[in-house]
Amino acid sequence: MNSSYHRRVAFPSELGNSTSRQVSDTSPTLIVPVGSTEQHGPHLPLDTDTRIATAVARGVIERMVLADGAQWLLAPAIGYGASGEHEGFAGTVSIGTSALRLLLVEFGRSAANWASRLVFVNGHGGNVEALAAATALLRYEHRDVAWVSCLAAGGDAHAGHTETSVLLHISPEAVSTDQLLPGNRAPLAELMPQLRAGGMAAVSEVGILGDPTTATAAAGAQIFTDMVDGCVQRITRWTTNRDGMLT
């Protein structure tokens, strides 16, 4: 799969390519990628999380349309998130948890006027607090809203094997393979106290947690498929926890 995030093609289920009249004739489920603009080491683009969330969301729609034939729409991605832990690196633009929460709430309130359901597809761990708070409020207000993350079982934490492999699969032209180098490979749980206190720069000078030198496009294809499969399964079940996360 080449990156349709980077080389956009006509896609009949994109909100941005639709007209108001086309949308008014349906009661679609709207899928909203939520990413970030933050450093991902010297080899990955700042919009890595947004690329992954967008590609996974598109993959979900393709699968769901084939399965049930219902109307699914892919919204333009929300490309800024809560990335304060990366503020020590140039290029990072964080809007913080409070602003992201408000953005998601107002987005949901507006879109729920015409969409039957909303699903936020999250590509950045720092967004979880805002997503949980916003979605819980929207559901309290009786809107059919939920969220799901792009999960990779056993993956490393940031800009390592996992994310680099996925980018080699969906956007190979965006990976600077001549800049690959290992980051801090200690378990994330071990790094969390220092990470919370001093941000990413306190635990990795190069902004990497994991080892991107082992990444391959083949591994990325499998990880990406697992992400889409997991999201499809959770969306199909439509069972949420108290924070509106699909389980």
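**View 1. Surroundings of Val121 in the predicted model.** Beyond its neighbours within four places in sequence, Val121 is in contact (heavy atoms within 4.5 Å) with Ile31, Val32, Pro33, Val34, Ala53, Val56, Ala57, Val148 and Cys150. Val121 is also among the residues with the most contacts inside the largest nonpolar core, which has 33 residues. A nonpolar core is a set of buried Ala, Val, Leu, Ile, Met, Phe, Trp, Tyr and Cys residues joined through side-chain atoms within 4.5 Å; buried means under 20% relative accessible area, exposed over 50%, partly exposed in between (1.4 Å probe, protein chains only).

Residues are numbered from 1 along each chain as its sequence is written, and side-chain values use heavy atoms, without hydrogens and water.

**View 2. The salt bridge between Arg58 and Glu14.** A salt bridge is a side-chain nitrogen of Lys or Arg within 4 Å of a carboxyl oxygen of Asp or Glu. The closest N and O atoms of Arg58 and Glu14 are 2.8 Å apart. Arg58 is buried, at 4% relative accessible area, and Glu14 is buried, also at 4%.

**View 3. The salt bridge between Arg117 and Asp144.** Their closest N and O atoms are 2.8 Å apart. Arg117 is partly exposed at 28%, as is Asp144 at 30%.

**View 4. A network of salt bridges linking Glu106, Arg109, Glu141 and Arg143.**

Notes
Predicted model: local features only at pLDDT ≥ 70, side-chain atom pairs only at ≥ 80, totals over all residues.
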